[in-house]
Amino acid sequence: MATIQLAVSENSMNKVLDNLINNFHITKSGSSTGNFRASYNVGIRLTGGSVDLKNDPDEIVLKEIDVNWDPLNVTLEIDIPEICLGGFCIFWLPFLGCVARAPKICLFSANPDISIPLNLDGLITSEISGGFNAIIRYKDEPSNNSLNPYQAYAANNMDKWQVFLNSRWLDLDIIDISDTVGNLLDNIVDNLINGIFGGLPGWAKDILSWSLHEINDIIRGILDIGDDIDEWLSDLLGVNFGLFDFILQEVGNYIANSYPLYEISNPFPIIPGANPVLLPINSIRTDVTNDEFVINVDI
Amino acid sequence: MNTILNRNLLENTNFSSNTLSPFSFLVHPLAKPGTYGIEIYENNNLIHTNQIISSNENKETSLNIDLYLPSLRAQKGSFKINGDHAYLLFYNSQSFSKNRVIIKDKDSVVYDSISPVKGDLFVLNLLKPGEYTLNSNSLKTSMKLNVQYPDLKRDKLSDAMTRINLNSHSIKAIDSQSLLPNQGVIIQLGDGLKDFNIEYTKSYDKKLENSVVNELKRMARSGIKVPTDRSKKQIIKKFSIRK
């Protein structure tokens, strides 16, 4: 059995990668089930990246593919505790304590739910890298079952040997969270105060905010923000929303199933044209060196 | 969510000794146990009648009676209060209203809110920062109440829990009194003090607006680490899938 070797350089592989990832686009929306309610609407595109071929064991590494979050919108839903004014003791007697107390005037008839929309576009810089092995699949075209190979060739409907990439490992690295993440807190405080005291004059917002000036503790307590907002944000997206796992799964599935890296018609038209010479291919195998991706075609 | 406090209520900054509102209350102690009739008037129209039963069978030493008509109508049965210590507090939870309250023992009037007596209290909760002028015709004097613009660092919320007590003597003796927003002012009526008006006479410095909110933002940021010295390509967090 003779073997034909097709060698693909890293540069060529990079072009194939470009075509592959530029077509990737997913969107997802959902909500969390953590300590507080939050919903999200996210879109992901991929750009950039490079291919690194590795021998022993054979592995095709896709490196540092930029993840573009567009959009990345999060809406936090916060239950504000009851906020009341007054309630102070007017008249106090020894042994009896407070015998007359001012009425509590509460700001709301019920615990209010405040929605805080956060636009996180451009806040996070992240990359995906992954290690893949090549897998061979045979695509048997059912529509050519009644055709002989020449008729299938004429109809451009031949069976194919296909090379796909199958992920061994995938990493999503958060490599930067913009310093403007601090603005998130301003945004949360502003939205909270406007949400609770919307329509009131500025002085009233100040007085009422002062009256409950543990509002920062309320925000941090409800949202469970510790002292590291980077950690909180990555936990929100990665753990509460499960977005990072979702993205890795989607990227792995997309690369493994959407498009073959290469495909070879079987039989192969070694001399194409109106009177083609077709060469049956028994099998194909792949090999990875440090410089090339090799497809061994057994005829 | 239904907002109870609206802008109009907060912007209303003028009070008189017969203005009842979410922020101004009248307190009258009943002198002795008994069953009393109560008549409530609004703008000189009788709007509600009921009974007050003051008896030691009842443990509550104070009754907050909301003169807002739907609240009065929602009252089921008589008002009940302790016999030895019985403080009736009248207010209006929804509006600034000119109310008159008359309490009768059979046919004789034992209390008329337009003629306060020693022991009656008028309680104020001033929210809007600025200068207020208290004028009393009966005392023929006036004084200033200066509600400070709060500062998150300087003014503790607990400071506002200390009440300010004023009576006919202190109103004559002092020119002005400083206080914090939401700090209770208790005016002891009687001893010649039968009436007063409080007007908002000088506003605060407009530049202060949003100072508390801005300070809250600074506090929020200062309590949270926002790294600024990351090296390029430093991985902050890694999520992995291995097969």
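**A strand and its surroundings**

Tutor: In strand S9 of chain B, B:Ile103 is the bridge partner of B:Ile38. This is a predicted model, in which local features need pLDDT of at least 70 and side-chain atom pairs count only at pLDDT 80 or more, while totals for chains, interfaces and linings use all residues. Residues are numbered from 1 along each chain as its sequence is written, and chains are lettered from A and ligands numbered from 1 in the order in which they are written.

S9(B) covers residues 97-105, and strands here are DSSP runs of E with at least two residues, helices being runs of H or I with at least four, numbered from the N terminus. Strand S4 (residues 34-42) of chain B is joined to S9(B) by six bridges and runs antiparallel to it; two strands count as paired if DSSP finds at least two bridges between them. The residue B:Ile103 also has B:Tyr111 as its bridge partner in S10(B), and that strand, residues 108-112, runs antiparallel to S9(B) with four bridges. S9(B) and S10(B) form a hairpin with two residues between them, and B:Lys106 in the turn has a positive phi of about 55°. Strand S2 (residues 19-20) of chain B pairs with S9(B) in the antiparallel sense over two bridges, with B:Lys98 in S9(B) as the bridge partner of B:Thr19.

We can now turn to the domains. An automatic or database domain assignment, the source of the bounds, gives chain B a domain 1 (5-9 + 11-115) and a domain 2 (116-215). In all, 14 residues of domain 1 are in contact with 17 residues of domain 2, where contact requires C-beta atoms, placed from the backbone, to lie within 7 Å. On the domain 1 side, strand S1 (15-16) and strand S3 (24-29) are the elements that give two or more residues, and S3(B) provides the largest share, six residues. That side has six nonpolar, eight polar and no charged residues, with Ala, Val, Leu, Ile, Met, Phe, Trp, Tyr, Cys and Pro counted as nonpolar, Asp, Glu, Lys and Arg as charged, and the others, Gly among them, as polar.

Beyond chain B lies the interface with its partner chain, where 65 residues of chain A are in contact with 62 residues of chain B. On the chain A side, strand S11 (residues 159-177) gives the most, with 11 residues, and by class that side has 38 nonpolar, 13 polar and 14 charged residues. S11(A) runs antiparallel to strand S18 (residues 237-242) of chain B, to which six bridges join it, and A:Asp171 stands opposite B:Ser240 in S18(B).

Technical notes
Two residues are in contact if their C-beta atoms, placed from the backbone, lie within 7 Å.
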